[in-house]
Every structure is written in structure tokens, then in C-alpha cells.
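Okay, thanks for coming, everyone. I'd like to walk you through one model today, starting with its sheet and ending with its charged pairs. Here it is on the screen.

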Amino acid sequence: MGYDDYFSQPSKYELERKSAASRMQAEKSGKTMEPVIIEGRKITKTWWGNAWCENLERYADYENRIARGRSYVRSGTVIDLKIDKGRVEAKVQGSRRTPYKVLIMIDPLSDEKTNAIIEKCGKKIQTMEGLLKGDIPPEMQDVILGRDGLFPSPKEIKFNCSCPDIAYMCKHVAAVLYGIGARFDEDPMLFFILRGVDPSSFIEKAAKSKVDDMLANESNPSPRIIDDDDAWKIFGLE
């Protein structure tokens with residue numbers, strides 16, 4: 001049983017009030033806060049945000065635990081969330097006055113694994129804008145979303161929270177995991193920063209593929225090229 005189970009849970013209104021007070025206090029102290037703001041019922045709305053959350057929810061050891069964070073993140077309790085390479089630091093408002101500190105570590109994606117993914121789908125992704133918008137061919141989405149794709153599995157995710165809850169995944173960590181997906185809605189590039197992947201590699205692979213195809217066909221004349229003799233006949237210059 002977790003620490004919070006011994007006490008009545010704060011209402012959504014109380015959480016929102018305490019979250020606002022904590023943000024205000026931080027700003028007065030000169031700290032820059034980056035809260036996660038959820039508008040509407042859906043936590044994520046873009047391809048990258050949705051894919052992040054769906055990836056977490058499909059694992060049996062996360063499925064029953066991560067749901068604890070949905071109402072928390074919707075209540076504005078994730079008052080600060082910063083993403084860096086392999087690392088997410090956040091502050092989450094709980095029942096007490098002082099926010100809890102959450103640290104989530106993501107194992108780096110190996111060069112071998114990254115190159116294998118780029119090799120499989122790089123030729124199909126044409127522009128950086130399309131990649132960040134999630135305009136990815138259906139046959140390539142399985143490569144990116146698969147178990148050996150870009151998204152982390154539970155064994156590649158480690159986390160810690162300063163709260164006294166002894167549960168494997170407390171609601172504060174779960175809220176931050178959803179908050180990460182919401183952050184990807186705002187800036188998909190953060191996904192690649194978190195995973196330590198250079199997204200331009202996908203575009204470079206596509207460009208190289210085009211050049212290779214052009215060079216391979218260099219000696220093969222196009223059937224649309226008009227023969228010199230035929231050109232004279234067409235224009236009546238015989």
C-alpha cells in the first residue's frame with residue numbers, strides 16, 4: 001500500500017490550486033518552469049505524442065500502472081518538465097505543499113540499432129517536415145513502432161520519484177510519462193533529442209537513395225527522348 005492510500009486524495013480543484021501556487025512560488029524565486037498543459041480530454045493529439053503513449057500502454061507491465069497518471073496530468077500537476085538526451089526531469093504537485101521531483105532515464109539507442117532502422121525506412125521518408133509531422137508510410141510505421149524500433153521498452157526506462165509511495169510506478173511518474181507525450185505534441189524534435197537520434201539521417205538516406213538510383217540509370221536512355229531522325233520528321237525538316 002502506498003503512502004497516499006492512508007490519506008484521502010486531494011480533489012481536482014485542490015490539485016489545480018496547489019499546482020498554480022507552486023508555479024507562482026517558483027516564478028517569484030526566479031526559476032523557469034515549463035508546465036504541461038492539457039486542453040480537452042485527449043492528452044495527446046499528434047502522431048508522435050500518440051505513438052509515445054500507445055507504446056507505453058501496450059506493455060503488460062505498464063498497462064495497469066500508467067493509467068494512474070492520466071487524471072493527474074490532466075489536472076495540471078506536472079508543473080515542470082524538461083527533456084534532454086536520455087533524461088527527463090520533472091516536478092509534480094501532489095497532496096503536500098512541496099512538489100515531488102521525478103527523474104526518468106531512457107537508455108540510449110545504439111548506433112547499430114539506429115542505423116538498422118534508418119536503413120529500413122530512410123528511403124521512404126522524403127522531408128524533415130514530413131518526418132516531424134508523422135507523415136510516415138504505413139509499411140514503415142511498424143519498423144519505427146516495433147519492439148526493435150525507435151520507441152523504448154520498459155526495460156530501457158528507469159525512474160525515480162521523491163514521494164513516499166512504495167508502488168513500482170507511482171502516479172507522479174505515470175503523469176510525467178504522459179506529459180512527455182504531450183510535450184512531443186508541441187515539439188516532435190524532442191523525441192529525437194530524448195532518444196539521441198539525428199532525424200536528418202533519415203532524410204540523408206532518402207537523398208542518397210535518389211542519387212544512387214539516378215547514377216544507376218545514367219546509361220539507360222529515357223524512352224521519352226526523341227531520336228534525331230524522328231525529330232526532323234516531326235517538325236517537317238526532312
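So, how many bridges join strand E1 to E2? Six, and the two strands run antiparallel. E1 covers residues 78–84, and E2 covers residues 87–92.

Quick housekeeping before I go on. This is a predicted model, where local features need pLDDT of at least 70, side-chain atom pairs count only at pLDDT 80 or more, and totals for chains, interfaces and linings use all residues. Residues are numbered from 1 along each chain as its sequence is written, and side-chain values use heavy atoms, with hydrogens and water left out.

As for the labels, helices (H or I, at least four residues) and strands (E, at least two) are DSSP runs, numbered from the N terminus. Two strands count as paired if DSSP finds at least two bridges between them.

Back to our hairpin. E1 and E2 have two residues between them, and in that turn Gly86 takes a positive phi of about 70°. Look along the pair and you'll find Ile83 with Val88 of E2 as its bridge partner, while Asp80 stands opposite Lys91.

Now, E2 itself. In a regular strand the side chains alternate between the two faces of the sheet. Here the covered face of E2 has Val88, Ala90 and Val92, and the uncovered one has Arg87, Glu89 and Lys91.

E3 is residues 100–106, and E2 and E3 pair in the antiparallel sense over six bridges. Put together, we have an open sheet of four strands, in the order E1-E2-E3-E4, with antiparallel pairing. The edge strands are E1 and E4 (157–161), each pairing on one side only.

What lies across those strands? Helix H8 does: it lies across E1, E2, E3 and E4, running at about 65° to E1. For that angle, axes are lines fitted to C-alpha atoms, for helices over the stretch in contact (heavy atoms within 4.5 Å), and angles run from 0 to 180 degrees between N-to-C directions.

H8 is residues 171–186, and at 1.5 Å a residue its 16 residues should span 22 Å; the end C-alpha atoms are 23 Å apart, which agrees. The expected span is 1.5 Å times one less than the number of residues. Of those 16 residues, 15 are buried, so H8 is largely enclosed by the rest of the structure. Buried means under 20% relative accessible area, exposed over 50%, and partly exposed in between, with a 1.4 Å probe and protein chains only.

Last topic: charges. I'm calling it a salt bridge when a side-chain nitrogen of Lys or Arg is within 4 Å of a carboxyl oxygen of Asp or Glu. That rule gives ten salt bridges.

One of them is Asp107 with Lys158, closest N and O atoms 3.0 Å apart. Asp107 sits in the loop between E3 and helix H5 (111–121) and Lys158 in strand E4, so this pair ties together parts 51 residues apart in sequence. Asp107 is partly exposed at 26%, and Lys158 is partly exposed at 45%.

Then there's Glu156 with Arg195, at 4.0 Å between the closest N and O atoms. Are these two buried or exposed? Glu156 is buried at 13% relative accessibility, and Arg195 is buried at 1%. Lys113 joins in as well: Lys113, Glu156 and Arg195 are linked in a network of salt bridges.
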